[in-house]
Amino acid sequence: MTAKSKKKSKTPLVAIIGRPNVGKSTLFNRLIGQRKAIVHEISGITRDRIEGVVKWDGYEFTIADLAGWQDKLDSPFEIEVKEIIDETFERANLILFMVDGRSGIIPQDKILADKIRRYNKPVILVVNKIDSPEKENLEYECTSLGFEHMINISAAHSRRINDLLDEIISLLEFPEEKPQEEKDESISIAIVGRQNVGKSSLFNCLLGNRRSIVSPIPGTTRDSVDSFFEYKENRYSIVDTAGLRKQSKVKESIEYYSTVRAQGSLQRAEIALFLVDAGEGITDTDKKVGGMIQELQRAVIIVANKWDLTKDTQQHRNEFIKHAYKALHFFSFAPVVFTSAIKAWGIEELMTAVEKVHFNYNLRIQTSELNRIIHDAHEDHPPQSYKGRYGKFFYAHQVETAPPIFQFFVNDPKLFHRNYRRYLEKEIRNVFGFDGAPLAIYYKKRGKSKGSGRDA
Ligand code: GDP
């Protein structure tokens with residue numbers, strides 16, 4: 001029976017389980033990062049357990065990242081941990097049992113496998129850290145764990161994540177009606193950047209003269225506070241603003257600011273305002289923050305703040321843009337906006353960019369239009385042959401928005417090199433724009449549900 005013909009009333013729950021260091025959190029981030037996700041911490045419990053909503057191909061499921069407590073499995077005194085484990089196993093509709101493909105199966109995996117089997121739930125054995133398809137011996141080793149469904153992935157390199165999503169969808173039960181797209185009333189923004197770039201100042205500037213409501217979100221910790229404001233026609237929310245408010249009494253470490261908080265904010269926002277210090281230029285810490293935005297596939301605007309301290313000429317602006325794109329080469333699609341948060345300069349330009357980028361991030365291209373462009377691009381410039389065979393393209397469609405994800409049906413994904421994906425992305429951007437929005441392109445073997453490929 002397919003998922004589409006089965007009936008159930010609630011959003012299904014998928015739990016990621018595995019021993020420490022197999023890559024559970026990376027997979028969680030990868031899954032929610034690639035789809036529009038709403039993440040919240042479960043109240044009353046610690047940050048160890050977070051859940052996010054994943055949307056894929058019109059279906060929706062909740063994914064639980066239990067990394068924190070699972071990593072305490074060795075501690076016999078963690079009674080609370082045991083309760084959470086049992087409760088989650090009971091609730092889960094599907095278990096992603098993760099093992100480390102590089103280190104192979106160790107006794108701890110076998111113990112966990114036995115425990116999982118006792119719950120009689122559908123399980124996908126997820127063999128992580130497989131960065132290339134050639135791992136025959138390992139496959140045999142993993143088969144010995146005795147789970148029917150198994151997939152080799154690389155969470156860090158985003159390899160075969162879409163195949164895993166397809167497999168998850170095919171094993172879950174869903175309500176008969178596809179869930180309606182959520183109507184988000186506000187455009188959600190995260191202000192991220194290293195310390196002292198002016199995040200709090202920008203926050204105060206944006207909120208300062210406008211009607212603002214600061215409200216805690218029910219069910220989340222004290223730290224997760226969002227602020228709302230209206231600008232022209234739209235309503236905006238700036239997520240996780242506790243640390244940005246002026247009189248914040250909490251002094252947080254540099255590390256905390258640039259990693260944990262940025263990550264938490266990004267998970268709950270659609271658009272990242274990525275602040276950098278215009279005078280200092282792009283630093284290594286900036287690159288790390290940028291990497292985080294990239295990993296979560298959020299829409300992004302590079303905000304060159306403190307522009308009042310520099311010479312404001314067009315030539316200088318152009319030079320800065322060049323410098324930013326060179327240092328953050330993975331963000332060449334992101335608009336660069338120049339601001340002074342303390343003088344309230346450039347705010348109109350910034351908000352215009354936010355509106356545009358939000359539009360692009362949620363843009364859906366008609367299949368017919370997309371295929372016309374791709375067919376032309378393919379004809380103009382077909383992929384090079386690989387071991388004497390040629391890549392054939394059949395058709396493409398956009399499977400998701402926010403971020404835009406495209407699936408390309410081809411004769412064999414192995415025949416489409418990474419560079420070719422860049423070429424297709426460029427062609428799509430040339431025609432449809434998508435400024436500020438990351439695009440994902442996946443190849444899939446036509447006619448089969450379980451395509452594979454080095455790029456997928
Ligand atoms: P955060 O750590 O990123 O939140 O940075 P803050 O907002 O606390 O700002 C750090 C320092 O930079 C403060 O002294 C601000 O007054 C100053 N600052 C912030 N934005 C600007 C700006 O646009 N121009 C100038 N000249 N200074 C700024």
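Q: Between which two strands is the loop that holds Pro403?
A: This is a predicted model, in which local features need pLDDT of at least 70 and side-chain atom pairs count only at pLDDT 80 or more, while totals for chains, interfaces and linings use all residues. Residues are numbered from 1 along each chain as its sequence is written, and side-chain values use heavy atoms, with hydrogens and water left out. Helices (H or I, at least four residues) and strands (E, at least two) are DSSP runs numbered from the N terminus. On that numbering, the loop of Pro403 runs between strand 15 (393-400) and strand 16.

Q: Is the peptide bond from Ala402 to Pro403 cis or trans?
A: Most peptide bonds are trans. The bond that leads from Ala402 to Pro403 has omega near 0 degrees, and is cis.

Q: What is the geometry of the pair formed by Phe320 and Phe338?
A: The whole structure contains 15 aromatic pairs, where a pair is two rings of Phe, Tyr or Trp (its six-membered ring) with centres within 6.5 Å, counted as stacked if the planes are under 30 degrees apart, edge-to-face if over 60, and tilted otherwise. For Phe320 and Phe338, the ring centres are 6.1 Å apart and the planes stand at 75 degrees, so this pair is edge-to-face.

Q: How far apart in sequence are the parts that Phe320 and Phe338 tie together?
A: Phe320 belongs to helix 10 (residues 314-327), whereas Phe338 belongs to strand 14 (residues 336-338). The pair therefore ties together parts whose separation in sequence is 18 residues.

Q: Which strands are linked by the pair of Phe408 and Tyr443?
A: Phe408 and Tyr443 form an edge-to-face pair, 6.2 Å centre to centre with 85 degrees between the planes. Both residues are buried. The pair links distant parts of the chain, 35 residues apart, namely strand 16 (residues 405-410) and strand 17 (residues 440-445).

Q: Which residues form one aromatic cluster with Phe408 and Tyr443?
A: Phe408 and Tyr443 belong to one aromatic cluster.

Q: How far is the charged end of Arg117 from the centre of the ring of Phe147?
A: A charge sits over a ring if NZ of Lys or CZ of Arg is within 6 Å of the ring centre and within 35 degrees of the ring normal. The charged end of Arg117 sits over the ring of Phe147, at a distance from its centre of 5.0 Å.

Q: Which helix gives the largest share of the shell around the ligand?
A: The ligand is surrounded by 15 residues, the closest being Asn196, Lys199, Ser201, Asp308 and Ala341; a residue is near if one of its heavy atoms lies within 4 Å. The largest share of this shell, three residues, comes from helix 7 (residues 199-208).

Q: How far from an oxygen atom of the ligand is a polar side-chain atom of Ser201?
A: A backbone N or O atom of Val197 lies 3.3 Å from an oxygen atom of the ligand. A polar backbone atom of Ala341 is 2.8 Å from a ligand oxygen atom. For the polar side-chain atom of Ser201, the distance to a ligand oxygen atom is 2.6 Å.

Q: With which side chain does that of Gln267 make a polar contact?
A: Gln267 is found in helix 8 (residues 254-268) and is buried, at 7% relative accessible area. A polar contact is a pair of N or O atoms within 3.5 Å; within protein, one must be able to donate a hydrogen and the other to accept it, and residues adjacent in sequence count only if both atoms are side-chain atoms. At 2.7 Å, the contact of the Gln267 side chain is with the side chain of Asn29.

Q: What is the phi of Ser158?
A: Most residues other than glycine have a negative phi. Ser158 lies in the loop between strand 7 (149-152) and helix 6 (161-171) and is buried, with a relative accessible area of 14%. Its phi is positive, near 60 degrees.

How values were computed:
Buried < 20%, exposed > 50% of the residue type's maximum accessible area, 1.4 Å probe, protein only.
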